[in-house]
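Student: Please take me through this model feature by feature, giving the general idea before the particular case.

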Amino acid sequence: MRELSKKDREYLLNTIRTIENFPKPGVNFKDITTLLNNKEAFKLLMDHLESRYKEKEIDYIAGIESRGFILGAALCARLNSRFVPIRKAGKLPYTTITEKYSLEYGFDEIEIHIDAFKNIDKQTPNVLLIDDLIATGGTAKAAANLINKAGAKCMEACFLINLKFLNGDEELKKMTQVYSVLEIS
Ligand code: AMP
């Protein structure tokens with residue numbers, strides 16, 4: 001496997017830009033566009049993810065809107081896998097399954113196509129869930145629930161960044177394996 005050294009991880013972390021108080025006061029937004037437009041950094045990340053998952057039996061990669069689409073689709077191309085989008089409510093055109101989850105104030109909803117995992121002849125396909133970042137874990141838990149409700153198994157949830165101090169991965173670990181390339185404590 002293309003293991004990442006401590007130096008590699010520090011390098012990747014330094015290619016990610018932090019925007020203070022975006023999109024609202026108090027949030028330190030992790031902007032991965034600066035990693036994506038650095039071709040050495042993006043290649044290093046994708047080489048690592050490809051080598052981590054190439055021997056695993058992954059039938060689909062489900063990416064969470066919107067940065068999970070970028071990482072998920074790029075990884076699909078590397079692994080010759082199948083991409084499934086998990087989107088904010090009202091964006092997917094066909095019949096969907098919806099999952100509601102709580103935010104700090106109020107709630108949000110994400111959706112998946114009802115037939116997202118039905119185009120292969122397998123009872124319970126294996127799905128890798130991917131997103132750029134886990135904060136409270138609410139979005140990822142809802143996404144893992146959607147995968148299960150759509151008849152597949154979420155075998156691992158993969159994140160580029162884990163905001164470890166929020167402990168968002170604790171609850172998610174009860175549902176699936178969790179892997180984060182970078183941790184911020
Ligand atoms: P959560 O449900 O709290 O784990 O939030 C995860 C989702 O919100 C992911 O799709 C992230 O892209 C986005 N997100 C949350 N916090 C941040 C942050 N500090 N920087 C960038 N994206 C974030």
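Tutor: Let us begin with burial, where buried means under 20% relative accessible area, exposed means over 50% and partly exposed lies in between, with a 1.4 Å probe and protein chains only. Strand 9, residues 177-184, is mostly covered, since six of its eight residues are buried. This is a predicted model, in which local features need pLDDT of at least 70 and side-chain atom pairs count only at pLDDT 80 or more, while totals for chains, interfaces and linings use all residues. Residues are numbered from 1 along each chain as its sequence is written, and side-chain values use heavy atoms, with hydrogens and water left out.

Student: Which strand is joined to strand 9, and how many bridges join them?

Tutor: Two strands pair if DSSP finds at least two bridges between them. Here strand 8, residues 153-163, runs parallel to strand 9 and is joined to it by seven bridges; within this pairing, alanine 157 has valine 178 of strand 9 as its bridge partner.

Student: How many helices and strands make up the secondary structure of the protein?

Tutor: Helices (H or I, at least four residues) and strands (E, at least two) are DSSP runs, numbered from the N terminus. By that reading the protein has six helices and nine strands. Its radius of gyration is 16 Å, close to the 16 Å that the globule rule gives for 185 residues, so the protein is as compact as a globular protein of that length. That radius is taken over C-alpha atoms, and the rule is 2.2 Å times the number of residues to the power 0.38. Along its principal axes, the C-alpha trace spans about 40 × 40 × 30 Å.

Student: What share of the residues of the protein count as buried, and what share of the contacts comes from residues 24 or more positions apart?

Tutor: Of the 185 residues, 46% count as buried. Contact means heavy atoms within 4.5 Å, and among the contacts with a separation of 6 or more, 57% are between residues 24 or more positions apart.

Student: Is strand 3 enclosed or open, and which way do its residues point?

Tutor: A strand can be read residue by residue, by burial and by the side to which each residue points. Strand 3, residues 60-64, has five of its five residues buried, so it is largely enclosed by the rest of the structure. Tyr60, Ala62 and Ile64 point one way, whereas Ile61 and Gly63 point the other way, and all are buried. Strand 3 runs parallel to strand 4, residues 82-88, and five bridges join the two; in strand 4, arginine 82 is the bridge partner of tyrosine 60.

Student: Where does methionine 46 lie, and what is it in contact with?

Tutor: Methionine 46 lies in helix 3, residues 39-53, and counts as buried at 3% relative accessibility. Beyond its neighbours within four places in sequence, methionine 46 is in contact with Leu71, Ala74, Leu75 and Arg78. The C-alpha atoms of methionine 46 and arginine 2, which are 44 residues apart along the chain, are separated by 9.7 Å.

Student: What is phi of asparagine 21, and of asparagine 167?

Tutor: Asparagine 21 has phi near 60°, a positive value in a residue other than glycine; it sits in the loop between strand 1 and strand 2 and is partly exposed, with a relative accessible area of 48%. Asparagine 167 has phi near 55°, again positive in a residue other than glycine; it lies in the loop between strand 8 and helix 6 (168-172) and is partly exposed at 44%.
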